[in-house]
Amino acid sequence: MNRREFLRQVSGFALTAWLQPQRPNILFIMSDDHAATALSCYAELLNSHLRGIIQTPNLDRIAREGMLFCNAFVTNALCAPSRATILTGKYAHLHGVKDNATRFDPNQTTFPQLLQKAGYRTALFGKWHLQSDPEGFNDWCILPGQGVYNDPVFIEQGKRIKRQGYVTDIITDMCIAWLERWHREFRPQPFCLLCHHKAPHRSWIPAPRHANLFADREIPEPASFNDDYRQRASAAAHADMRIADMPDYAKEIPPNLSSKERKHWNYQRFIKDYLRCTVAIDESVGALLDCLQRLGTLDNTLIVYTSDNGFFLGEHGWYDKRFMDEPSIRVPLLVSYSREVLAGKVDEHIVLNVDIAPTILDFAGVTVPAEMQGHSLRPLLQGKAPKDWRTALYYRYYEYPQPHRVLPHYGVRTERYKLIHYLTTGEWELFDLQVDPHETRNLHGDPAYASILTELTSLLSRLKVEVGDET
């Protein structure tokens, strides 16, 4: 090859690289049990009982600089199944993790594996909770199981180490240190960093600096706080997750309280600790955003914030999740990327945790495998909603009886209605979310909703077939 031909080829390669769209870095932040109503940007939007109380300025910044999805839901409101769904883009009956005890098969295709093969530098820090070691990561350091809040043990690339401090801060510091190392050693190779927090999962131990937050005020109770379950299926009364009976603060509760007083006292203790843990998450997000800005890569980073499921914050007198009720299945979903995502927009389409993997792969320029059941949110983020976007979701919960005796059930939610079938008892629930947003009145059997019930039953059957759930 002569010199002229060599220079021509080199110039061609350089031009091709210059013309190729730059792949974004990806920062995927996920908390555990973070109810959408416990972010100030959502609390106002959803008219939550926590509006004006919880302040999350850094999470609000992602919403302000990107898009807030106000109808984001999970397909199984439980930690491990949801995490497996996010990784694989598949429903629980296909990825196999139907409860928290089942080991995730790491041989399944996940979006981190595909990104790593496509040239991304990948890392995971924080909660994993899938029984098997992470695959598809260049670097990882995870909590064993649920982990603890103070002085936690981590498993780093298979080696157990103990770190001093508060778990949210430690995970944040590990992520920042990794980002700084990426900037020194691996740039311009794109990165995908998963920052997975334990908080605000039970047992709600706040950082010492937040111990007295909200101490000077009473937190309002939600509208359905004193639901007596008389107009619901028996599954509601059967469940063991009532704030009045929660054991977490049994050693601290004042003596001789009535049942009503005990419920109120437990709620105030629980909700304040929960929100204190949430404030630490918001501080972590702020530190990560500041780090990206300091490194000069904020504008070229796709940022996704969500939770593995929602959480009852006193609705129906409950804590925990699992049920197909709105507080349990609705999650925060914030996405920013200044080069493409519309800023300051609220999207009302029904989006699911099964959509996260296809979305990340789409932005990275990686082909989405046919086995993934979700859809990329990229058109919605660009303000170009497909006309055939879903108008209903399919949900299924499996784990029973422990730890909270929530009966297995499945159902469908449309923009207005929700139909739930409890497998053990054969009971059904039908809610009209427009007239009964707090889901306290079961309309199944109401003649006025007979035609709606027929439509929803048919839709539920179709969705079961569409997602391949034949059990």
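**Close-up views of a predicted model**

**View 1. Strand β1 and its two neighbours.** β1 and β8 run parallel and are joined by five bridges. The model shown here, and in every view below, is predicted. On β1, pairing with β9 is also parallel, and that pairing spans seven bridges. Isoleucine 29 has a bridge partner in each neighbour: cysteine 195 in β8 and tyrosine 305 in β9. Isoleucine 26 has cysteine 192 as its bridge partner in β8.

**View 2. The two faces of β1.** Which residues of β1 lie on each side? Asn25, Leu27, Ile29 and Ser31 are on one side. Ile26, Phe28 and Met30 are on the other. Both sets are buried, so both faces of the strand are covered. Seven of the seven residues of β1 are buried, so the rest of the structure largely encloses this strand.

**View 3. The sheet around β1.** How many strands form this open sheet, and in what order? There are 10, and the order is β7-β6-β5-β4-β8-β1-β9-β10-β2-β11. The pairing is mixed. At the edges are β7 (159-162) and β11 (345-347), and each of these pairs on one side only. With direction ignored, neighbouring strands of the sheet are turned by 15 degrees against each other on average.

**View 4. Helix α11, a mostly covered helix.** α11 covers residues 356-364, and eight of its nine residues are buried. The buried ones are Ile356, Ala357, Pro358, Thr359, Ile360, Leu361, Phe363 and Ala364.

**View 5. The largest nonpolar core.** Nonpolar side chains tend to be buried together in soluble globular proteins. Here the largest nonpolar core has 157 residues. Helix α9 (residues 259-294) gives the largest share, 14 residues. Phe69, Phe111, Leu115, Phe270 and Leu334 have the most contacts inside the core. What does phenylalanine 69 touch, leaving out residues up to four places away in sequence? Its contacts are Tyr42, Leu333, Val335, Asp347, Val351, Leu377, Leu380 and Leu381.

View 6. Glutamate 439 sits in the loop between β16 (428-432) and α13 (450-467). Is this residue buried or exposed? Its relative accessible area is 1%, and buried means under 20%, so glutamate 439 is buried. Its side chain meets that of lysine 418 in a polar contact of 2.6 Å. Besides Lys418, glutamate 439 touches Arg232, His316, Met324, Asp325, Glu326, Pro327, Phe431 and Leu433, when residues up to four places away in sequence are not counted. One of these, His316, returns in the next view.

**View 7. Two residues with a positive phi.** Most residues other than glycine have a negative phi. Histidine 316 is not a glycine, yet its phi is positive, about 60 degrees. Histidine 316 lies in the loop between β9 and α10 (326-329). This histidine is buried, with a relative accessible area of 1%. Tryptophan 204 is not a glycine either, and its phi is positive at about 55 degrees. Where is tryptophan 204 found? Its place is the loop between β8 and α8 (234-238). Tryptophan 204 is buried, and its relative accessible area is 1%.

**View 8. Two cis peptide bonds.** Most peptide bonds are trans. The bond that joins arginine 187 and proline 188 is cis, with an omega of about 10 degrees. Proline 188 lies in the loop between α7 (167-185) and β8 (191-196). A cis bond also joins glutamine 402 and proline 403, where omega is about 5 degrees. Which loop holds proline 403? It is the loop between β13 (392-397) and β14 (409-414).

Methods:
Residues are numbered from 1 along each chain as its sequence is written. This is a predicted model: local features need pLDDT of at least 70, side-chain atom pairs count only at pLDDT 80 or more; totals for chains, interfaces and linings use all residues. Side-chain values use heavy atoms; hydrogens and water are left out. Buried means under 20% relative accessible area, exposed over 50%, partly exposed in between (1.4 Å probe, protein chains only). Helices (H or I, at least four residues) and strands (E, at least two) are DSSP runs, numbered from the N terminus. A polar contact is a pair of N or O atoms within 3.5 Å; within protein, one must be able to donate a hydrogen and the other to accept it, and residues adjacent in sequence count only if both atoms are side-chain atoms. Contact means heavy atoms within 4.5 Å. A nonpolar core is a set of buried Ala, Val, Leu, Ile, Met, Phe, Trp, Tyr and Cys residues joined through side-chain atoms within 4.5 Å. Two strands pair if DSSP finds at least two bridges between them. Axes are lines fitted to C-alpha atoms, for helices over the stretch in contact, and angles run from 0 to 180 degrees between N-to-C directions.
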